[in-house]
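Work through the two exercises below with the structure in view. Each task is followed by a solution in steps.

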Amino acid sequence: MSQAGTLILIMSIAVLAPLLAYGISRWLPVPLVIFEILLGILSGPDMLGWAGDGQVIDTLSDLGLAMLIFLAGYEIEFDRVRGATMKRSLWAWLTALVVGLALASALTGLSKGVYIGTALTSTALGTVLPVLRDAGDLHTRFGSVMTTFGAVGEFGPIIAIALLLSGRSPGRSTAVLAAFALLTAAAVWWAMRPRPPWFPRVIARTLHSSGQFAVRLVVLLLAVMLGISQALGLDTLLGAFAAGMLTRLLLHGAAPESAGPVLEKVEAMGFGFLVPVFYVVTGIEFDLDALLSGGRALLLLPVFLLLFLAVRGLPVYALAPPDLVRRDRRALTLFASTALPLVVAITTIGVDDGVLKTEEAAALVGAAMLSVLLFPLAGLRLRGERRVVEEPLGGSESW
């Protein structure tokens with residue numbers, strides 16, 4: 001099939017997926033991404049063979065992943081992720097990294113263990129946030145804690161990719177990261193500076209016109225941060241995450257009354273087009289034959305699924321804020337153990353580097369898909385009847 005035909009197929013799946021999710025939601029609230037991935041697998045070369053590939057499709061998929069990470073970075077509310085909760089989330093992720101590298105290396109060997117262990121520490125914050133938003137949990141105390149733990153679970157592996165999987169020496173990787181941090185700090189300083197009076201006026205006046213100044217500025221920020229990370233030889237996901245944080249600082253500082261409508265437009269562009277392309281292409285490119293042809297790959301799939309819970313989930317449960325009741329701690333464990341986008345990125349790097357076999361990558365990505373299907377559903381069940389109570393401004397927990 002031509003690239004144009006494949007794009008039509010992908011967007012047809014993108015339209016069909018929410019209809020299926022809506023239809024089944026009366027019995028089971030299955031995350032939308034599951035239908036996008038499964039329909040992608042169904043139309044891919046290992047099943048019906050309808051979908052093709054090409055540079056345009058791959059580029060759109062990469063942009064979809066960047067937009068997903070960008071929106072995850074944007075969702076971080078800096079006034080609610082400071083203090084003890086942030087310390088707990090950092091220690092939980094560092095513990096997961098040490099345990100993940102040790103267990104994965106013992107299971108598959110040191111060279112493969114670095115890739116697999118890093119993937120096991122990730123949290124699919126961009127996948128979990130829409131689930132929490134739809135459930136009315138995003139702006140509760142539980143949602144604030146989950147956002148903090150999820151942000152570290154998203155950002156931490158990106159840093160680990162730059163340090164451990166870049167192919168550079170540790171010293172050079174650290175220097176490159178430091179350069180990126182300095183450039184990002186300069187961008188933060190610029191974003192937090194007072195803007196001239198015309199700036200919020202232009203945003204408001206063009207918000208519902210063809211000018212769309214704010215949306216174009218957001219896209220420019222994303223492109224600049226992606227370009228900086230690529231120029232430094234870093235994974236572009238680092239730039240996407242930083243761009244999301246910068247955009248939030250800029251909009252909420254300079255034009256707070258327009259920040260909500262601007263985000264709605266960016267989300268429409270992301271969740272309406274680019275993000276579904278990424279998830280459908282993930283399904284299309286999933287190596288189903290490699291997973292089903294060998295017994296070892298099938299055996300690894302449930303092992304990896306359990307490792308997501310053990311490596312990422314147990315430290316989160318142990319270090320969750322003490323004011324969370326037991327069922328919320330368990331739900332936090334499940335949500336934090338949900339992984340997919342970074343697992344896809346890391347396994348792709350591993351296969352391209354010739355370290356991971358295709359069947360091992362398929363087993364790890366398959367386990368991540370199952371985590372997206374099973375863990376959020378179980379977390380919502382554990383939460384039960386939810387009370388939408390805003391988190392108090394001054395957190396009372398102590399480290």
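The model is predicted: local features need pLDDT of at least 70, side-chain atom pairs count only at pLDDT 80 or more, and totals for chains, interfaces and linings use all residues. Residues are numbered from 1 along each chain as its sequence is written, and side-chain values use heavy atoms, with hydrogens and water left out.

**Exercise 1.** Describe how helix 7 and helix 8 pack.

Step 1. Helices are DSSP runs (H or I, at least four residues), numbered from the N terminus. Helix 7 spans residues 141–164 and helix 8 spans residues 170–192.

Step 2. Their axes lie 8 Å apart at an angle of about 135°, so helix 7 is oblique to helix 8. Axes are lines fitted to C-alpha atoms over the stretch in contact, with angles from 0 to 180 degrees between N-to-C directions. Oblique is what remains after under 35 degrees (roughly parallel), over 145 (roughly antiparallel) and 65 to 115 (roughly perpendicular).

Step 3. Ile159, Ala162 and Leu163 of helix 7 meet Ser173, Thr174 and Leu177 of helix 8 (contact: heavy atoms within 4.5 Å).

**Exercise 2.** Which helices each supply at least two residues of the lining of the second largest cavity?

Step 1. A cavity is a set of points on a 1 Å grid over the protein atoms alone where a 1.4 Å probe fits but cannot get out; lining residues have an atom within 4 Å of a point.

Step 2. The lining includes Leu68, Glu75, Leu129, Arg133 and Phe271.

Step 3. The helices are helix 3 (55–74), helix 6 (125–134) and helix 12 (256–285). Helix 6 gives the largest share, 5 residues.

Note on methods. On a 1 Å grid over the protein atoms alone, a cavity is a set of points where a 1.4 Å probe fits but cannot get out, and a pocket is an open set with protein on both sides within 12 Å along at least five of seven lines; lining residues have an atom within 4 Å of a point.
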